[in-house]
Amino acid sequence: MSRLSEVIADISEEVVRREDKSPWLPSARPDYSEERNMSRQKFAILSDVELCAVCLSASDELERRHPELRGNGDHVYPFKELFPSSSGNPRSPVDSMPPPAYSDVNPNPGPPLCNKFVMAQTLRQYTSGHDKIVHSGATREKLHRLTEVQFQEISEDTYDELRRRQSTPHVPALKPQSRMHPQRNKAREKLSALPSARFMNLASDIHHEMMRRYPRLLQL
């Protein structure tokens, strides 16, 4: 992973931490370099406006390095979606996504590539290093056959469920969302009911499918 990609991932984690109103500063990770752990601590003490400025700078630099990714549907606006204005009010990557729909027709191009990057990185970190993951060919085949909208929704729901398990495990399930179809809210309840091992298998399969569908994520 490039240093810029590390910065993007770390700022995204900080945005999520603030959105969750976590009182704890990010702890040092043994698999990160000392420089990266220090940067994570520095991000945590920035004001919202200062963090917004860093976000926009990272966004501009990513666009400069990858001009071929602009204006093609999966455009790269890594943090302009998280910070929609200079006031610096952070939102979670999931909140910035367009309203989903149980339909094969989606007039919206979907979430920016950076939001997919955030979800993919989160799923990868969650599943990496676990030798008991069982890859299901049947599950991967089903994911492969999903429409773009359907896969967008299950990816978002799995990301939401992972955040619930990691940040608010005392909450028994994802809360129903009024903007979502009742069928989707039921599917989210089923995700929350999955045992840890089965949920990790699913997260691994979804990450695999994201890499297949969005190979440009590997360029970031």
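**Reading the model**

Tutor: Threonine 158 is buried, with a relative accessible area of 0%; buried means under 20% relative accessible area, exposed over 50%, and partly exposed in between, with a 1.4 Å probe and protein chains only. This is a predicted model, in which local features need pLDDT of at least 70, side-chain atom pairs count only at pLDDT 80 or more, and totals for chains, interfaces and linings use all residues. Residues are numbered from 1 along each chain as its sequence is written, and side-chain values use heavy atoms, with hydrogens and water left out.

Student: Which residues does threonine 158 touch?

Tutor: Contact means heavy atoms within 4.5 Å. Not counting residues up to four places away in sequence, threonine 158 touches Leu123, Leu191, Phe199, Leu202, Ala203 and Ile206. Threonine 158 is placed in helix H6; helices (H or I, at least four residues) and strands (E, at least two) are DSSP runs, numbered from the N terminus.

Student: Is isoleucine 154 buried or partly exposed?

Tutor: Isoleucine 154 has a relative accessible area of 25% and is therefore partly exposed. This residue is also found in helix H6, residues 148–167. Leaving aside neighbours within four places in sequence, isoleucine 154 is in contact with Leu143, Leu146 and Ile206.

Student: How is a pair of aromatic rings described?

Tutor: A pair of aromatic rings is described by the distance of the centres and the angle of the planes. Rings of Phe, Tyr and Trp (its six-membered ring) pair if their centres lie within 6.5 Å; planes under 30 degrees apart count as stacked, over 60 as edge-to-face and the rest as tilted. By this rule the count is two aromatic pairs. Phenylalanine 151 and tyrosine 214 form a tilted pair, 6.4 Å centre to centre with 45° between the planes. Phenylalanine 151 lies in helix H6 and tyrosine 214 in the segment after helix H8 (196–213), so the pair ties together parts 63 residues apart in sequence. Both phenylalanine 151 and tyrosine 214 are buried.

Student: Where does a charge sit over a ring?

Tutor: The criterion is that NZ of Lys or CZ of Arg is within 6 Å of the ring centre and within 35 degrees of the ring normal. The charged end of arginine 36 sits over the ring of tyrosine 32, 3.7 Å from its centre. Arginine 165 lies over the face of phenylalanine 199, at 4.2 Å from the ring centre.
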